[in-house]
Amino acid sequence: MHKFKSIDLSSIKGNKISAAIGLLVALCVLVSLAVTFLGARVAEPIYAGPGVTRTAMLSDYFDGIAGTAGDTEIYIFEGEKPGASLLVLGGTHPNEPSGLLTAVLFIENAVVTEGTLYVIPRTNSSAFTCTDPQEAEPMQYTIDTPGGARSFRFGSRATNPVNQWPDPDIYLHSSSGQLLSGSETRNINRTYPGRPDGSFTEKVSYAVTELIRQENITITVDLHEAAPEYPTINALVAHERAMSLASSAVFGMQLQGMPISLEPSPTNLHGLTHRELGDYTDTLAVLMETANPAQGRLRGRTDEALVLTGQDPLYVKAGQYGRLYVPFGDSGHPISERVARHTAGVLELLAAAGEAGQGNIEVSGVPGYAEIISQGIGAYLLPPE
Amino acid sequence: MLYVYLAIVLCVVVFIFWSLFTEKKLFAQIDALLVLIPLLLRLLLIK
């Protein structure tokens, strides 16, 4: 009978030759990874639809971000008749895809006849160039259109560390004195109203604030998603000056069959759009949330399917145990539903603006809630060129 | 502050290179290479 000798792997000898071979292999791996990570810095195309009258860059409003990864495109729709204005902020958190996709839907479909619509699809463009560490998120997802598939990057909640590093131990929000965890310094939705001489992310949020001031934007809506176990979900959060407008929009969404709540912007949580843009500018600041299991703590495998279908059996179980703030069945919360809710919310805000005496913004060409649910988002995105 | 941290990373990378070529155990060399990859990605501000 043969006896097998056990081998102590840790005792296998190495030398300069093994070091050199290993280094060569490591450099090949490095190059391969570098190609992937640098590829994430290439923005996917967004095609300006028939209603876009001009585009601008955020640096046009604050040149401190010109030539940096923080500069980003603004799509502007100017109606023939003057009226009120509305700014849609998509991509504040690039790991919340319905914000970006709703903005893209407006860019590629909306036509404005009265007033002005501004759309920023990638508010934190740096955050689109990476994913959050240790979350095992996909780097992109694909939406099928009648003319072919379109890929969109799935990014991070925060600015890419290569653009802003190191994080402080504690983040001091300068205008309020609020203290947060140091990594929140890269979360643009904790840095408003921003500072011209602040960090990379604070400069970007300052540029957004300057856009609102310089263009005297009437209404600002920031599009987000939240984990199903998070209490502020399927909600509109409004600054106190925007409460009347937001309540009309909520009422309109509920009449269309969308459960949605209205939350007041807390006065003791600083740095967010609905608080700071309302305090530091004249805009009526609103933020909207939809349910996204891909960013929750109870999720299973985090892949493109989860991002797009919003279906997760672990969340179904959590729902059965009463641990969630939204109903969660086997059908989940697909991306079409989330985009449809955001689109309907923006359209209701536009309608409410006129009724509230804020001035009119007449927008057409954008599909409604029922259309997006039945046809899917892809039906309303332009085909890839 | 960025350049201070990059200098620290550079020092660590140099030490890892030195350790890689002076280490006598293969698995310790592999450990060094595994650590080296993310440090180089950060030094080059790729990731």
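This is a predicted model: local features need pLDDT of at least 70, side-chain atom pairs count only at pLDDT 80 or more; totals for chains, interfaces and linings use all residues.
## Chain A overall

Chain A has 9 helices and 13 strands. Its radius of gyration is 23 Å, close to the 21 Å that the globule rule gives for 385 residues, so chain A is as compact as a globular protein of that length. The C-alpha trace spans about 90 × 50 × 45 Å along its principal axes.

Among contacts between residues at least 6 apart in sequence, 73% join residues at least 24 apart.

## Around Leu349(A)

Leu349(A) sits in helix H8 of chain A, which covers residues 335-355.

Setting aside residues up to four places away in sequence, Leu349(A) touches Leu86(A), Ile219(A), Val221(A), Leu245(A), Ala249(A) and Val286(A). Ile361(A) lies 12 residues from Leu349(A) in sequence. The C-alpha to C-alpha distance between Leu349(A) and Ile361(A) is 9.6 Å.

## Where chain B meets chain A

The interface joins 20 residues of chain B to 20 residues of chain A. On the chain B side, the elements giving two or more residues are helix H1 (2-22) and helix H2 (26-43). H2(B) gives the most, with 9 residues.

By class, the side of chain B that touches chain A has 15 nonpolar, 1 polar and 4 charged residues.

## The helix pair of chain B

H1(B) and H2(B) also pack on each other. Their axes are 10 Å apart, at an angle of about 155°. Angles over 145 degrees count as roughly antiparallel, so that is how H1(B) and H2(B) run relative to each other. The crossing of H1(B) past H2(B) is left-handed.

From H1(B), the residues in this contact are Leu6(B), Val9(B), Leu10(B), Val12(B), Val13(B), Ile16(B), Ser19(B) and Leu20(B). From H2(B), they meet Gln29(B), Ala32(B), Leu33(B), Val35(B), Leu36(B), Leu39(B), Leu40(B), Arg42(B) and Leu43(B). By class, this helix contact has 14 nonpolar, 2 polar and 1 charged residues.

Key: Residues are numbered from 1 along each chain as its sequence is written. Chains are lettered from A and ligands numbered from 1 in the order in which they are written. Helices (H or I, at least four residues) and strands (E, at least two) are DSSP runs, numbered from the N terminus. The radius of gyration is taken over C-alpha atoms; the globule rule is 2.2 Å times the number of residues to the power 0.38. Two residues are in contact if their C-beta atoms, placed from the backbone, lie within 7 Å. Ala, Val, Leu, Ile, Met, Phe, Trp, Tyr, Cys and Pro count as nonpolar, Asp, Glu, Lys and Arg as charged, and the others, Gly among them, as polar. Axes are lines fitted to C-alpha atoms, for helices over the stretch in contact, and angles run from 0 to 180 degrees between N-to-C directions. Angles under 35 degrees count as roughly parallel, over 145 as roughly antiparallel, 65 to 115 as roughly perpendicular and the rest as oblique. A crossing is left-handed if the near helix is turned anticlockwise from the far one by less than a right angle, and right-handed if clockwise.
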